[in-house]
Amino acid sequence: MTSEPIPAPLADICVAGVGLTPVGEHWDRSLRELALEAITAARLDADGLRPHVLYVGNMLAPALSGQTHLGVLLADFAGLRGIEAASFEAAGASGGVALRQACLALAAGAVDSALVVGVEKITDRIGSSVNAALAGAADADSEAVQGITASAQAALLMRRYQHEYAVPPDGLAGFSLIAHANAVASPHAFYRRALRPEDYARAPKVSDPVNLYDAAPVADGAAALLLTRSDRYPSGSPAPPVRILASSVATMPLAIHDQDDPLGFAAAVLSTGRAYVQAGLQPEQVDLFELHDLFSIYAALALEAAGFASRGQGWRLATSGAIARDGRIPISTFGGSKARGDCGGGTGVYQVAEVVLQLQGRAGEAQVAGAQVGMAQCIGGAGSTVVTHILARTEVPLSSPDSS
């Protein structure tokens, strides 16, 4: 076997603009309309910068909206005819993969600016058709055909975790409580209501031992990022630039039974490890972590895989206050998937946009004080695809040519 390659540092890539739509049940809005709202906001935030490429992250449009070929659809609808456009699918990691491709294009010097939009429209369908579409993130031949769901996968992992590490029934409750507390101050969150411990304790089981508050709601939404290099950073932007220091993707087998150690979250270990090397940072230098808390157990496993807790001890961070907004490693600062709502393929873009707002000091009441370095990580399947990005605030003066 060859040794693990050393990731090369990224070229000078900045986030010039972000755009977010509120997450929710947008029955009256189409997929393209949600995407346009986010794209328009991101371009406005970037002082009108016109992108050279458009990369789309989406998971469910073919199954729920009957729509493929999203790149050209959204480019046309956004008035960007003629540019390169393509879409990427990696289940819940789709948005992160699209952003990764934009970073590679910029780092290679192929383009000067790139627009990334993550969009999901869940409410085009209801009931069993949605569950069937979501089950497509599992192995169709050996898992989905047996009726497995995402919550059932999480239940398998959660029960094993509780058994191996003697975790009490309410040991993971803190992840939900903190996410909902943070969402109160988040204008784009689906559920802006705090939870009490007794709410968690009374919640019905979704897939034992996963209860209603251990699982994130799936919802509609779109988020967009406009990336460029420092020499094209908009001179009219009032916000300090944020640089993407690392972009990393890693994969493990799709089916849980094919993974050597499902509780090890090996793809997350690889993805974060490569990102740390690329950024030249250690876990203790990260000020906040937007992890993919699609289920509470995923939050615990992600914290362990990223080096913030030892094996089997991630759940304790939720009981100690370490992951609260004023704690050592704040997570889900705008509510996370648990309270912001999970937008499938759009999740990874929402996360990075939220990190950018934190690092620029534009998070309002959700602000993490003194944040300089942030990390975002999205997950496809039960830890099968993991995408990690590390970003940092920079005070280096930037100039920009005409943004037209």
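Reader: In which helix does Glu304 lie?

Author: This is a predicted model, in which local features need pLDDT of at least 70 and side-chain atom pairs count only at pLDDT 80 or more, while totals for chains, interfaces and linings use all residues. Residues are numbered from 1 along each chain as its sequence is written, and side-chain values use heavy atoms, with hydrogens and water left out. Helices (H or I, at least four residues) and strands (E, at least two) are DSSP runs numbered from the N terminus, and by this assignment Glu304 belongs to helix H10.

Reader: Does Glu304 count as buried or exposed?

Author: Leaving aside residues up to four places away in sequence, Glu304 is in contact (heavy atoms within 4.5 Å) with residues including Tyr161, Arg311 and Trp315. Buried means under 20% relative accessible area, exposed over 50% and partly exposed in between, with a 1.4 Å probe and protein chains only. The relative accessibility of Glu304 is 11%, so this residue counts as buried.

Reader: How far apart are Glu304 and Ala268 in space, C-alpha to C-alpha?

Author: Ala268 is one of the buried residues of H9, and in sequence it stands 36 residues from Glu304. From C-alpha to C-alpha, the distance in space is 9.2 Å.

Reader: What is the distance between the end C-alpha atoms of helix H9?

Author: Helix H9 comprises 14 residues, 266-279. The expected span is 1.5 Å times one less than the number of residues, so helix H9 should span 20 Å, and this agrees with the distance between its end C-alpha atoms, which is 20 Å.

Reader: With the side chain of which residue does the side chain of Thr347 make a polar contact?

Author: Thr347 has its place in helix H13 and is buried, with a relative accessible area of 0%. A polar contact is a pair of N or O atoms within 3.5 Å; within protein, one must be able to donate a hydrogen and the other to accept it, and residues adjacent in sequence count only if both atoms are side-chain atoms. At 3.2 Å, the side-chain partner of Thr347 is Asp342.

Reader: Which residue of S4 is the bridge partner of Val56?

Author: Five of the five residues of strand S2 (residues 53-57) are buried, so this strand is largely enclosed by the rest of the structure. Strands pair if DSSP finds at least two bridges between them, and S2 pairs with strand S4 (residues 113-120) in the parallel sense over five bridges. In S4, the bridge partner of Val56 is Val117.
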